[in-house]
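Please examine the sequence and the model shown here before reading the questions.

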Amino acid sequence: MPEAYVIDAVRTPVGKRGGTLSEIHPADLGAGAIRSLLDRSPIDPVNIDDVVFGCVDAIGPQAGNIARTAWLAAGYPEEVPGVTVDRQCGSSQQAVHFAAQAIMSGTADMIVAGGVQNMSKIPIASAMTAGQQYGFDTPFVGSTGWEHRYGKQEISQFRGAELIADKWDVSRQDMEMFALTSHTRARAAIATGRFDREIIAVDGHTVDEGPRSTTLEKMQALPTLVDGGRLTAALASQISDGASATLLASEAAVREYGLRPRARIHHLSARGSDPVFMLSAPIPATKYALERAGLTIDDIDAVEINEAFAPVVLAWMKEIGADPEKVNVNGGAIALGHPLGATGTKLLATLLCELERIQGRYGLLTICEGGGTANVTIIERLS
C-alpha cells in the first residue's frame with residue numbers, strides 16, 4: 001500500500017475566550033495557518049489536490065464550507081477544492097485521516113488537512129441550539145429510534161465526564177493534581193521554546209494564552225459543575241480560538257518536489273463507544289489501534305490525548321497502562337485550550353515536534369468526540 005507522509009504541521013497560538021484571536025474571522029484564521037504552512041514548503045499551491053478542514057458548529061462565519069473559504073481567503077488558486085469535516089472534537093484529526101486515506105489509495109498526492117474554530121464568537125453547541133427556533137430542543141429529542149434505544153436521559157459532555165469519573169473512581173483530588181500538572185508543563189514548554197517550531201504568528205501574537213499560575217488551593221475552592229459531582233471548571237478544557245494545518249504527501253510527490261517528510265502515517269483508525277458516556281471511546285479506540293498496528297503502549301514514545309476533561313485522560317491511562325511521563329508532556333487542553341475543530345492537527349503538530357525533540361520513533365494521538373467516538377493516529381518520526 002502506498003505511504004502517506006507528514007511534510008509539515010503548524011498551528012496558531014491558542015487564544016483564550018475574548019482574547020487576541022477572538023476578533024479574527026474564522027476564514028482568516030484558517031487562511032493564516034494554510035499560508036504559513038505552504039510558505040514553509042517549495043510547493044506551488046496549484047498542485048494541492050484538496051483542502052480538508054475540521055470545524056464544529058459550522059454556522060455564521062464558520063458555515064459555507066470553511067475549508068474552501070479559508071483557502072480562497074489565503075489568496076490561493078480557485079481550482080483547488082475544499083471540504084469541511086465534523087467529527088466533533090476530532091474533526092481535524094479526521095481531516096488528516098481522510099487526507100492520508102486519499103493519498104494511500106493513490107487518488108491524491110498532496111492534501112492540506114487542518115481545522116479552525118472561533119469559540120469566542122460562535123459558542124460551543126451553537127449548531128445544536130440553533131435548531132430550537134425550528135422546534136428541535138436537542139439533536140436527540142424527538143427521534144423515535146434514539147429514544148427507543150437511549151431514552152430521554154441527558155446527553156452531554158459534562159454528564160459523560162462525571163460518569164467516567166465515577167466508573168473509573170477518579171477522585172477530585174487526582175483530577176486537580178492532573179490539572180495542575182497540565183498548567184505546569186504548559187508554562188515550562190512555553191518558557192523553553194518547545195512550541196516555537198509549530199506556532200505561526202497571528203498579528204504578532206505567538207504565545208498560547210491559556211496557561212495559568214494556578215494552585216491546588218485555588219482549584220479546591222471552586223464549586224462543582226453539578227451538585228454532588230466531582231468536576232469543576234478547572235478540570236475541563238478551555239474555550240479557545242485557533243487554527244492549524246498539516247501538509248500530507250505521497251511518495252511520488254516527495255520525489256517529484258524534493259520534499260523532506262518529517263513523519264510517516266503508521267496507523268489511523270476510529271472506533272465508537274457508549275454515546276451517553278460520550279468521552280470514553282479513546283480507551284477501546286487505542287486498544288484497537290495498537291492491536292492493528294502490531295504495537296504495545298510501551299512502543300509509543302509520546303502521546304497526545306485531548307484533555308477535554310481530566311477524567312478522560314486519567315481513566316484512559318488506567319485502562320491502557322500508559323506511562324504518565326510520556327502523556328501530554330507539554331501540557332494539554334486544560335492549560336492550553338481546545339479550539340474544537342482545530343485541535344486534532346494542533347496536537348499533531350505538537351506530537352511531531354515532541355518526537356523530534358526526544359528522538360522518539362512512534363507517537364500516538366487520540367481525541368474523545370461527541371457521539372461517543374474517538375480517532376487514533378500513530379505516526380513514525382523520520383527526521
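Predicted model: local features only at pLDDT ≥ 70, side-chain atom pairs only at ≥ 80, totals over all residues.

Q: Is valine 202 buried or exposed?
A: Valine 202 is located in the loop between helix 7 (172-191) and helix 8 (216-220). Its relative accessibility is 12%, and a residue counts as buried under 20%. Valine 202 is therefore buried.

Q: Which residues does valine 202 touch, not counting residues up to four places away in sequence?
A: A contact requires heavy atoms within 4.5 Å. With residues up to four places away in sequence left out, valine 202 touches Thr12, Pro13, Leu21, Ile24 and Leu29.

Q: How many Å apart in space are valine 202 and glycine 242?
A: Along the sequence, valine 202 and glycine 242 are 40 residues apart. In space, the separation of these two residues is taken from C-alpha to C-alpha, and it is 9.8 Å.

Q: Is methionine 119 buried or exposed?
A: Methionine 119 is found in the loop between strand 5 (110-118) and helix 4. Not counting residues up to four places away in sequence, methionine 119 touches Ile124, Ile239, Ser240, Asp241, His338, Pro339 and Leu340. Its relative accessible area is 5%, and the cut-off for this class is under 20%. Methionine 119 is therefore buried.

Q: What distance separates the C-alpha atoms of methionine 119 and lysine 287?
A: Methionine 119 and lysine 287 are 168 residues apart along the chain. The distance between their C-alpha atoms is 32 Å.

Q: Which element gives the largest share of the lining of the largest pocket?
A: The largest pocket holds about 670 Å³ of space. It is lined by 32 residues, and those closest to its centre are Ala125, Met128, Ile155, Ser156 and Met278. Two or more lining residues come from each of helix 4 (126-129), helix 5 (144-150) and helix 6 (157-167). The largest share, three residues, is from helix 4.

Q: How many residues of the lining of the largest pocket are charged?
A: The lining is divided by residue class.

Q: Which elements give two or more residues to the lining of the second largest pocket?
A: About 400 Å³ of space lies in the second largest pocket. Of its 22 lining residues, Ala233, Ala236, Ser237, Gln238 and Ile239 are the closest to the centre. The elements that contribute two or more residues are helix 6 and helix 8.

Q: Is the crossing of helix 1 and helix 2 left-handed or right-handed?
A: The axes of helix 1 (residues 26-39) and helix 2 (residues 66-73) come within 7 Å and cross at roughly 60°. Among the residues that meet are Ile34 and Leu38 in helix 1 and Ile66 and Trp71 in helix 2. By class, the contact has nine nonpolar, two polar and two charged residues. The handedness of the crossing is right-handed.

Terms used. Residues numbered from 1 in each chain as written. Heavy atoms only, no water. Helix = DSSP H or I, 4+ residues; strand = E, 2+ residues; numbered from the N terminus. Buried < 20%, exposed > 50% of the residue type's maximum accessible area, 1.4 Å probe, protein only. 1 Å grid on protein atoms, 1.4 Å probe; cavity = no way out; pocket = protein on both sides within 12 Å on 5 of 7 lines; lining within 4 Å. Points joined across faces, edges and corners; volume = space filled by probe spheres on them. Nonpolar A, V, L, I, M, F, W, Y, C, P; charged D, E, K, R; others polar. Axes fitted to C-alpha atoms, helices over the stretch in contact; angles between N-to-C directions. Left-handed = near helix turned anticlockwise from the far one by under 90°.
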